[in-house]
Amino acid sequence: MPREKGRKVVASNKKARHDYSVLDTYEAGMALTGTEVKSLRAGRASLVDAFAQERDGELFLHSMHIPEYTQGTWTNHEPRRTRKLLLNRAEIDKLLGKTREGGYTIVPLQVYFSDGWAKVEIALAKGKKSYDKRQDLAKRDADREIARVSGRRGKGMDD
């Protein structure tokens, strides 16, 4: 069977960019079982409330939900088990150094298949305050209004 190419997104954490200001992103592999991969290939996963945490100098992904594989038997996996993230030592050290400084956390943004391998895009992020979120929403609304008006002008439909 030919190896698949490209990037196929399985799940994305839309709320993460709303709740956090993203400083840096990394691509990490995940240590998965066979039924987890099959469930991901079926497009079933949720990153709501997921986060990465350090244990013994390694990073682990907590609270990511991959539902049990429907055709799985006794070999099925636990849906919310902790999964090891596969990163280079230099990347792990950099991430852990930033999180130990304080105020930073590691959140997953997307789970996807890249050339057949299951990957997760994680971000070094800092939590936003509620007024930051309101400012972002107001800016997005203003940009949307500007784009709408300029689009109407370009078509000769002045108000």
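This is a short walk around Arg83 and the strand that holds it. The model is predicted, so local features need pLDDT of at least 70 and side-chain atom pairs count only at pLDDT 80 or more, while totals for chains, interfaces and linings use all residues. Residues are numbered from 1 along each chain as its sequence is written, and side-chain values use heavy atoms, with hydrogens and water left out.

Let's start with the strand. Arg83 belongs to β5, residues 83-86; strands here are DSSP runs of E, at least two residues long, numbered from the N terminus. β5 pairs with two strands, where pairing calls for at least two DSSP bridges. With β2 (residues 20-30), β5 runs antiparallel over 2 bridges, and Met30 has Leu85 as its bridge partner. With β4 (residues 58-62), the sense is again antiparallel, with 2 bridges; here Leu61 is partnered with Arg83.

Now look at the two faces of β5. Arg83 and Leu85 make up the covered face, whereas Lys84 and Leu86 lie on the uncovered one. Is Arg83 itself buried or exposed? Arg83 counts as buried because its relative accessibility is 0%, the cut-off being under 20% relative accessible area with a 1.4 Å probe, protein chains only.

Terms used: Helices (H or I, at least four residues) and strands (E, at least two) are DSSP runs, numbered from the N terminus. Buried means under 20% relative accessible area, exposed over 50%, partly exposed in between (1.4 Å probe, protein chains only).
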